[in-house]
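Hi everyone, thanks for making time today. I'd like to walk you through one model, so let me put the sequence and structure up on the screen.

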Amino acid sequence: MFQRGSNVDYNMAEVDGRKPNQAVVGSAGAAMFCGPCGDVKATSFCKDCHEYLCSSCTRCHERLDITKHHQLLKGAQFPSSYPTRQKMALDLESFEKCTDHPLEDIKIFCKTHHVLCCVACSFAMHEHCKKDYIPDIVQSYVAGAEYSKLQTDIQHLDQLGVQCQADIDRCMKEVDELNWNEVDKLKKYKEDIIKYLNKRENELIAEMQQLHDFDLSLLKDIQARLKTWQSDLCDAKAKLQSHQQNTYKLFLTAKRTLALVDQLQESLNDMQQQTRYQHYELVKDDRIEKILTDTTGVATLKSADVDVGIGNWTMFSPSLTPVKLFSF
């Protein structure tokens, strides 16, 4: 499994699922076994990783970019026990597990791809990448510039979020006020239009009533004259009828009636000529007709193109499609 020059992680026990022999970890005077292998006698101890290593794992440890600078204790320096091992084991329990390899802890950061991964992922997909061993760099990272800048950026984002919420609240209030004002303007505009229409309606009705009254008065006057004319004609007929037995008086009455007949004929002709009325009809206004058939109606909405600054953003009111509101 170990090839010279490869970036194989030394912790191969975690790759194949093997666990270190917990019974001998930290036991003074007992044979120490390789942490990664579990059942192979250790020949060195890594002070940086707090890990016992066998000869094979030691070679891998010295070859990998992320661990080759670690301090290894060998020979006379090889510790038969390590008091802080138990504390380190407790710290290791907080490691997160890899989603692709549930038995593996996330201990590697691939600097090439900027991803967190486990030993198995590092071996399989990031063999030739630049990597950091997370336990080695966590202390310096927390004290470093990147983490400090991250905290500053988060604080700045928090402030921007508060500002954004304030701007949203302000805009929501202004949106409500804008709606109320424009709806109120529309209603008042509608009232003005209705007042104008009522005024014009009353004027037209009054004008038509005047024409009606004039024509009706004229016709009633002709009607009264006709009744008088009919009465005169009836009298003439009655007189002629009463003298049917006396030809002398009938002659006199007939001669006298001739002039009356001429007057009645002239009067009738005059009444017939005056028996008429003024014809009128309502002509719709072309401008109103255009409004009634226009898709924009009486009014339209249009964008005011007002800049509304929100934080570092600039929002423009979207264009609104004109819509027909009211028609009269």
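Helices here are DSSP runs of H or I with at least four residues, strands are runs of E with at least two, and both are numbered from the N terminus. With that in hand, look at helix α6, residues 145-242: its 98 residues reach 141 Å from first C-alpha to last, close to the 146 Å expected at 1.5 Å a residue.

A quick word on provenance. This is a predicted model, where local features need pLDDT of at least 70 and side-chain atom pairs count only at pLDDT 80 or more, while totals for chains, interfaces and linings use all residues. Residues are numbered from 1 along each chain as its sequence is written, and side-chain values use heavy atoms, with hydrogens and water left out.

Now the overall picture. The protein has 8 helices and 8 strands. I call a residue buried under 20% relative accessible area, exposed over 50%, and partly exposed in between, using a 1.4 Å probe and protein chains only. Buried residues make up 23% of the 328 in the protein. Which residues of α6 are buried? They are Cys164, Asp167, Cys171, Ile193, Asp215, Ile222, Trp229 and Ala236.

Next, the sheets, where two strands pair if DSSP finds at least two bridges between them. Strand β1, residues 44-46, pairs with β2 over 3 bridges, and Phe45 stands opposite Tyr52 in β2.

Contact here means heavy atoms within 4.5 Å; axes are lines fitted to C-alpha atoms, for helices over the stretch in contact, and angles run from 0 to 180 degrees between N-to-C directions.

The other open sheet I'd like to show has 3 strands in the order β5-β4-β6, again with antiparallel pairing. Here β5 (115-118) and β6 are the edge strands with a single partner each, so one side of each is left without a neighbour in the sheet. The twist averages 35° from one strand to the next. Between β4 (residues 106-110) and β5 there are 4 bridges, with Ile106 opposite Cys118. Helix α5, residues 134-142, lies across β4, β5 and β6, running at about 85° to β6.

Is Lys131 buried or exposed? At 9% relative accessibility, Lys131 is buried. Its side chain has a polar atom 2.7 Å from the backbone oxygen of His126 and also reaches the backbone oxygen of Cys129 at 3.2 Å.

Last, aromatics. Rings of Phe, Tyr and Trp (its six-membered ring) pair if their centres lie within 6.5 Å; planes under 30 degrees apart are stacked, over 60 edge-to-face, and the rest tilted. That gives 3 aromatic pairs. For Tyr141 and Tyr147, the centres are 6.1 Å apart and the planes at 55°, so the pair is tilted. Tyr141 is partly exposed at 35%, and Tyr147 is partly exposed at 27%. Ring pairs also link Phe45, Tyr52 and Phe78 into a cluster.

Methods
Polar contact = N/O pair within 3.5 Å; in protein donor to acceptor, adjacent residues only side chain to side chain. Expected span 1.5 Å × (residues − 1).
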